[in-house]
Amino acid sequence: MKKKWLALIAMLFALSLFVVACSSDDDKKDEEKKDDTQTQDESKSEDVEQILKIAADQEPAGLDPHKVPAHSSVRIYSQIYSGLVKFDENMNIVGDLAEDWKQPDEKTYVFKLREGVKFHNDREMTAEDVKYSFERIMDEETASHIASYFSNVENIEVVSDYEVKFTLGSADATFLSNLTNASAVVVAKEVVEEHGDLQQVAVGTGPFKFKEWVPDNRVVLVKNEDYYIEGQPKLDEVHYYTMKEEAARLSAIRTGEVDLTTVTAQSAQLIENHDGLDILDYQSLEYSYVGFNVDVEPLNDPKVRQALSLATDRQQIADIVWSGDAVISGPIAPAMGDWSIDVESHELYSNDLEKAKQLLAEAGYPDGFEITITTASTYADMIDTAQILQQQWARIGVKADIKQLEWGEYIDTWLNTSADILVGRNGSGTDPDRAMNYFFHTDGSANVWNFSDSEYDKLVEEGKTTVDVDARKAIYDDAQNLLLELSPNLFLVSPMKYVAVRDSVENFVPYAHNAEEIVEVSKK
């Protein structure tokens, strides 16, 4: 009996060891499984960290690069499409889809394209696509905002699958720089034909692919794994969240809900010492303006427009709207260096109220007049500018109401010249031709003011075809002074720009000529 009892104890002991061993093996397997899961989670976490979240101040106005000039759209489609050439960080023109080019004579440019570049629908891009894209830009039915950039192009010839030749009507000092424009890009013919236009779809050759657009919420782009530049982009996805109110953008950047957003000068001061944030600044190529429909009374009289210029205190606008972080500007922003004239010495910038009243009286409005200033409801600087102008012009008897429009309606109003006075912002571009020809030549693609002057047209046409830099500068000096005299726009100030960036974002550098560059951006 004792032996049986001892045998039972031994058996139970052995069984307990087996259970413990099994339990230990199970625990070990569970631990290994947990480690695997943790590794997978960490991997997923790393993927998530490569999603850049940007708070955008405005909804895109469409995605067709050949039709839409709004910056809210440019920031999106500039990541999706590529052009023949582009500016590098030092504003040198370098190849993009074109790996090289030659100029056999002053009117001919031959571009050699990179081989193997694919559209996001997996079709190879060829010279036929270049020809189609620029003919689409120049087609009147497209109504492209950059058509006037290429009005000098007489012929586009496909030399081979990877070579395309542009023949110009005359020498053109602006041709290559115009090709760097974010809208001068190559699109896929079959996509245009399928959808009618590219307002809601986007198939390019750029570093990011269009994934989705949720109206009034977000636009999502994903990495183009077949992008022709090895190692770019660094990010897996980019999310643009529409946050029209700056308070919402500030909250989102503070809490880490987004990684990057533009802010005003006032907000930059509020958050410059916030933990985890960096504030980057740069002098922009933009300027704020007051645009006049010169076909309507009383704005059809240059004396009235000159009076309004004299009644405008631009320094007050710089101090109040931009907290002093803006410089007084003409049609060519001061950031363009010697191309810009010293507008502050011009008589119409003197803020001479007595002279302004005298000009109004000479124009037949001794007691002033009533007018409406139209602006965008979603940009505080535009609203503030309109309110200051309302106060300043009241001093010479001009009674102005302010009309605020939602962004889409504002863009339509700008395009259709359906406002008498419009407050807004423009970009001088990277060549004086954009600032002077594109906006104010009689046939300029963005001349929405019904402005026309033969002497002015002759000057900017000469500037476009003059290759000698000193001679060209003298022409644009004369053109700027004449434009200030005629005053189809009042040019106000060129602001500093501020970008709030989380310290987890690496390699983001906003350039004056391209503040949206993100191909080298990554996250820690």
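Author: We will go through helix pairs, then cavities. Keep in mind that this is a predicted model.

Reader: Let us begin with a pair. At what angle do the axes of helix 14 and helix 15 cross?

Author: Look along each helix from its N to its C end, then compare directions. Helix 14 covers residues 454-465 and helix 15 covers residues 469-486. Their axes cross at roughly 155° and come within 9 Å. Angles over 145 degrees count as roughly antiparallel. Helix 14 and helix 15 are therefore roughly antiparallel to each other. Their crossing is left-handed.

Reader: Which residues of helix 14 and helix 15 make the contact?

Author: From helix 14, they include Tyr 456, Leu 459 and Val 460. From helix 15, they include Ile 475, Tyr 476, Ala 479 and Leu 482. By class, this contact has 8 nonpolar, 1 polar and 5 charged residues. Glu 455 and Lys 464 of helix 14 take part, as do Arg 472 and Asp 478 of helix 15.

Reader: How does helix 13 pack with helix 15?

Author: Helix 13, residues 432-440, packs with helix 15 at an angle of about 45°. The axes are 11 Å apart. Helix 13 and helix 15 are therefore oblique to each other. This crossing is left-handed. Helix 13 brings Pro 432, Asp 433, Met 436 and Phe 440. Helix 15 brings Arg 472, Tyr 476, Ala 479, Gln 480 and Leu 483. The classes are 6 nonpolar, 1 polar and 2 charged.

Reader: Is the crossing of helix 9 and helix 11 left-handed or right-handed?

Author: Right-handed. Helix 9 is residues 314-321 and helix 11 is residues 380-394. They pack at about 140°, with axes 10 Å apart. Helix 9 and helix 11 are therefore oblique to each other. Gln 316, Ile 317, Ile 320 and Val 321 of helix 9 make the contact, with residues of helix 11 including Thr 385, Ile 388 and Leu 389. The contact divides into 5 nonpolar, 3 polar and 2 charged residues.

Reader: Which residues line the largest cavity?

Author: Among them are Ser 309, Arg 314, Tyr 349 and Leu 484. Strand 18, residues 489-491, gives the most to this lining, with 3 residues. By class, the lining holds 5 nonpolar, 3 polar and 1 charged.

Technical notes
Residues numbered from 1 in each chain as written. Predicted model: local features only at pLDDT ≥ 70, side-chain atom pairs only at ≥ 80, totals over all residues. Heavy atoms only, no water. Axes fitted to C-alpha atoms, helices over the stretch in contact; angles between N-to-C directions. Helix = DSSP H or I, 4+ residues; strand = E, 2+ residues; numbered from the N terminus. Parallel < 35°, antiparallel > 145°, perpendicular 65-115°, else oblique. Left-handed = near helix turned anticlockwise from the far one by under 90°. Contact = heavy atoms within 4.5 Å. Nonpolar A, V, L, I, M, F, W, Y, C, P; charged D, E, K, R; others polar. 1 Å grid on protein atoms, 1.4 Å probe; cavity = no way out; pocket = protein on both sides within 12 Å on 5 of 7 lines; lining within 4 Å.
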